[in-house]
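Dear colleague,

Please find below the sequence and the model that I am handing over to you. My notes on it follow directly after.

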Amino acid sequence: MAQLNILEFPDPRLRQKALPVARVTSRITELIDDMLETMYAAPGIGLAATQIDVHKRIVVADVSESRDHPYALVNPTVQVLGGLQRREEGCLSVPGFFEEVERAERIRVSALDKLGNAQIFEAEGLLSVCIQHECDHLEGRLFVDYLSTLKRSQIRKKLAKLARA
Ligand code: NI
(Lines give C-alpha, C1' and ligand atoms only; values in the text may rest on other atoms or scores of the structure.)
Protein backbone atom coordinates (compact mmCIF):
# COMPACT_ATOMS: atom_id res chain seq x y z
CA MET A 1 0.00 0.00 0.00
CA ALA A 2 1.08 3.55 -0.53
CA GLN A 3 0.13 7.00 0.62
CA LEU A 4 -0.82 9.36 -2.15
CA ASN A 5 -0.33 13.09 -2.61
CA ILE A 6 -3.49 15.15 -2.04
CA LEU A 7 -4.20 18.10 -4.37
CA GLU A 8 -5.00 21.40 -2.67
CA PHE A 9 -7.46 24.16 -3.55
CA PRO A 10 -7.31 26.07 -5.90
CA ASP A 11 -5.53 23.42 -8.01
CA PRO A 12 -7.50 23.29 -11.31
CA ARG A 13 -7.28 19.47 -11.36
CA LEU A 14 -9.79 19.47 -8.47
CA ARG A 15 -12.31 20.86 -10.97
CA GLN A 16 -12.11 17.92 -13.35
CA LYS A 17 -15.20 15.72 -13.62
CA ALA A 18 -14.50 12.06 -12.83
CA LEU A 19 -15.43 9.26 -15.24
CA PRO A 20 -17.23 6.03 -14.32
CA VAL A 21 -15.17 2.94 -13.51
CA ALA A 22 -15.88 0.38 -16.26
CA ARG A 23 -14.86 -2.65 -14.21
CA VAL A 24 -13.59 -3.13 -10.67
CA THR A 25 -10.23 -4.74 -11.41
CA SER A 26 -7.49 -5.66 -8.94
CA ARG A 27 -5.85 -2.32 -9.80
CA ILE A 28 -8.99 -0.49 -8.69
CA THR A 29 -9.06 -2.53 -5.47
CA GLU A 30 -5.41 -1.59 -4.88
CA LEU A 31 -6.17 2.06 -5.57
CA ILE A 32 -9.00 1.95 -3.01
CA ASP A 33 -6.63 0.46 -0.39
CA ASP A 34 -4.14 3.26 -1.09
CA MET A 35 -6.91 5.85 -0.83
CA LEU A 36 -8.00 4.43 2.54
CA GLU A 37 -4.43 4.45 3.81
CA THR A 38 -4.01 8.05 2.63
CA MET A 39 -7.31 9.08 4.25
CA TYR A 40 -6.48 7.45 7.61
CA ALA A 41 -2.95 8.91 7.62
CA ALA A 42 -4.07 12.46 6.78
CA PRO A 43 -6.19 12.03 8.98
CA GLY A 44 -9.57 12.53 7.34
CA ILE A 45 -13.05 10.98 7.25
CA GLY A 46 -13.38 10.89 3.47
CA LEU A 47 -11.39 11.05 0.26
CA ALA A 48 -12.40 11.17 -3.40
CA ALA A 49 -10.14 9.89 -6.19
CA THR A 50 -10.24 13.38 -7.74
CA GLN A 51 -8.24 14.63 -4.74
CA ILE A 52 -5.34 12.34 -5.60
CA ASP A 53 -5.51 13.33 -9.27
CA VAL A 54 -7.22 10.12 -10.39
CA HIS A 55 -10.35 11.11 -12.28
CA LYS A 56 -12.43 8.00 -11.70
CA ARG A 57 -15.67 7.80 -9.74
CA ILE A 58 -14.32 6.36 -6.49
CA VAL A 59 -14.87 7.58 -2.93
CA VAL A 60 -13.73 6.24 0.43
CA ALA A 61 -15.06 7.24 3.85
CA ASP A 62 -14.96 6.27 7.51
CA VAL A 63 -16.83 8.42 10.02
CA SER A 64 -16.53 5.95 12.92
CA GLU A 65 -14.75 6.95 16.15
CA SER A 66 -12.82 3.69 16.08
CA ARG A 67 -11.65 4.26 12.48
CA ASP A 68 -12.46 0.71 11.51
CA HIS A 69 -15.66 1.06 9.48
CA PRO A 70 -14.49 1.94 5.96
CA TYR A 71 -16.79 2.55 3.03
CA ALA A 72 -15.50 2.16 -0.51
CA LEU A 73 -17.92 3.48 -3.12
CA VAL A 74 -17.32 2.91 -6.82
CA ASN A 75 -19.62 4.78 -9.24
CA PRO A 76 -21.73 6.10 -6.37
CA THR A 77 -25.13 7.69 -6.94
CA VAL A 78 -26.94 9.60 -4.22
CA GLN A 79 -30.71 9.95 -3.97
CA VAL A 80 -31.98 12.57 -1.53
CA LEU A 81 -34.64 11.15 0.80
CA GLY A 82 -35.36 14.30 2.77
CA GLY A 83 -34.51 16.72 5.54
CA LEU A 84 -31.80 19.34 5.82
CA GLN A 85 -28.78 19.62 8.11
CA ARG A 86 -26.09 22.22 8.67
CA ARG A 87 -22.69 21.00 9.73
CA GLU A 88 -19.19 22.37 9.86
CA GLU A 89 -17.18 20.79 7.07
CA GLY A 90 -13.51 20.58 6.31
CA CYS A 91 -11.62 19.02 3.42
CA LEU A 92 -8.17 17.50 3.02
CA SER A 93 -7.85 19.67 -0.12
CA VAL A 94 -8.63 22.84 1.84
CA PRO A 95 -6.47 22.20 4.92
CA GLY A 96 -7.17 24.19 8.08
CA PHE A 97 -10.55 25.66 7.07
CA PHE A 98 -13.90 24.64 8.53
CA GLU A 99 -17.21 26.20 7.52
CA GLU A 100 -20.91 25.38 7.87
CA VAL A 101 -22.64 23.93 4.82
CA GLU A 102 -26.30 22.97 4.40
CA ARG A 103 -27.00 19.54 2.92
CA ALA A 104 -29.67 16.86 2.77
CA GLU A 105 -30.17 14.91 6.00
CA ARG A 106 -31.15 11.52 4.64
CA ILE A 107 -29.84 9.92 1.45
CA ARG A 108 -29.87 6.57 -0.29
CA VAL A 109 -26.54 5.53 -1.77
CA SER A 110 -26.05 3.01 -4.57
CA ALA A 111 -22.52 1.99 -5.53
CA LEU A 112 -20.21 -0.92 -6.15
CA ASP A 113 -17.90 -1.98 -3.33
CA LYS A 114 -14.17 -2.55 -3.68
CA LEU A 115 -14.75 -6.06 -5.04
CA GLY A 116 -17.33 -4.88 -7.56
CA ASN A 117 -20.41 -6.04 -5.66
CA ALA A 118 -23.50 -3.83 -5.69
CA GLN A 119 -24.36 -2.10 -2.41
CA ILE A 120 -27.35 0.04 -1.49
CA PHE A 121 -27.75 1.69 1.91
CA GLU A 122 -29.32 4.69 3.57
CA ALA A 123 -27.28 7.25 5.46
CA GLU A 124 -27.99 10.21 7.70
CA GLY A 125 -26.03 12.62 9.90
CA LEU A 126 -22.28 12.82 9.46
CA LEU A 127 -22.04 9.83 7.10
CA SER A 128 -24.63 11.44 4.82
CA VAL A 129 -22.73 14.75 4.81
CA CYS A 130 -19.44 13.00 4.19
CA ILE A 131 -20.74 11.01 1.22
CA GLN A 132 -22.40 14.09 -0.32
CA HIS A 133 -19.16 16.05 0.15
CA GLU A 134 -17.05 13.31 -1.46
CA CYS A 135 -19.46 12.81 -4.37
CA ASP A 136 -19.25 16.56 -5.01
CA HIS A 137 -15.50 16.10 -5.55
CA LEU A 138 -16.28 13.70 -8.42
CA GLU A 139 -18.18 16.55 -10.10
CA GLY A 140 -15.29 18.95 -9.56
CA ARG A 141 -17.16 20.69 -6.75
CA LEU A 142 -15.68 21.72 -3.39
CA PHE A 143 -17.38 22.64 -0.11
CA VAL A 144 -15.99 26.18 -0.46
CA ASP A 145 -18.27 26.55 -3.51
CA TYR A 146 -21.21 26.74 -1.07
CA LEU A 147 -19.64 29.73 0.72
CA SER A 148 -19.75 33.39 -0.29
CA THR A 149 -17.37 34.61 -3.00
CA LEU A 150 -15.66 36.79 -0.39
CA LYS A 151 -15.10 33.90 2.02
CA ARG A 152 -13.83 31.66 -0.80
CA SER A 153 -11.32 34.26 -2.00
CA GLN A 154 -10.12 34.80 1.61
CA ILE A 155 -9.47 31.07 1.92
CA ARG A 156 -7.68 31.02 -1.44
CA LYS A 157 -5.42 33.91 -0.38
CA LYS A 158 -4.59 32.37 2.98
CA LEU A 159 -3.74 29.01 1.40
CA ALA A 160 -1.55 30.71 -1.24
CA LYS A 161 0.27 32.54 1.56
CA LEU A 162 0.82 29.28 3.45
CA ALA A 163 2.08 27.56 0.27
CA ARG A 164 4.68 30.31 -0.22
CA ALA A 165 5.83 30.19 3.41
NI1 NI B 1 -13.12 17.18 0.51
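Two strands are taken to pair if DSSP finds at least two bridges between them. Helices (H or I, at least four residues) and strands (E, at least two) are DSSP runs, numbered from the N terminus. On that basis β1 and β2 pair in the antiparallel sense, over three bridges. In β2, alanine 61 is the bridge partner of glycine 46.

Please note that this is a predicted model: local features need pLDDT of at least 70, side-chain atom pairs count only at pLDDT 80 or more, and totals for chains, interfaces and linings use all residues. Residues are numbered from 1 along each chain as its sequence is written, and side-chain values use heavy atoms, with hydrogens and water left out.

Overall architecture

The protein comprises three helices and five strands, which run α-β-β-β-β-β-α-α from the N terminus on. Its radius of gyration (taken over C-alpha atoms) is 15 Å, which agrees with the value near 15 Å for a compact globule of 165 residues under the rule of 2.2 Å times the number of residues to the power 0.38. Along the principal axes, the C-alpha atoms fill a box of roughly 45 × 35 × 30 Å. Of the 165 residues, 47% count as buried, meaning under 20% relative accessible area, whereas exposed means over 50% and partly exposed lies in between (1.4 Å probe, protein chains only).

The sheet

The five strands form an open, antiparallel sheet in the order β1-β2-β3-β4-β5. β1 (46-48) and β5 (118-123) each have a single partner strand and stand at the edges, so one side of each is left without a neighbour in the sheet. From one strand to the next the twist averages 35°; axes are lines fitted to C-alpha atoms, for helices over the stretch in contact, and angles run from 0 to 180 degrees between N-to-C directions.

Strand β2 (residues 58-61) is joined to the antiparallel strand β3 (residues 71-89) by four bridges. Isoleucine 58 stands opposite valine 74, and valine 59 opposite leucine 73. Both faces of β2 are covered: Ile58 and Val60 are buried on one side, Val59 and Ala61 on the other. Helix α1 (residues 26-41) lies across β1, β2 and β3, at about 40° to β2.

In strand β4 (residues 99-112) we find glutamate 99, which is buried at a relative accessible area of 19%. Beyond its neighbours within four places in sequence, glutamate 99 is in contact (heavy atoms within 4.5 Å) with Arg87, Glu88, Glu89, Phe143, Leu147 and Lys151.

The nickel site

Which protein atoms are the donors of the nickel ion? They are Cys91 (SG), His133 (NE2) and His137 (NE2), at 2.1 to 2.2 Å from the ion. Donors here are N, O and S atoms within 2.8 Å of the metal (3.2 Å for Na, K and Ca); water is not among the atoms, so sites may look incomplete. Along the chain the donors follow the spacing C-x41-H-x3-H.

Both histidines belong to helix α2 (residues 125-138), where they lie four residues apart, about one turn of the helix. Histidine 133 counts as buried at 6% relative accessibility, as does histidine 137 at 1%. Of the 14 residues of α2, 13 are buried. Glycine 140, with a positive phi near 80°, follows the helix.

With kind regards
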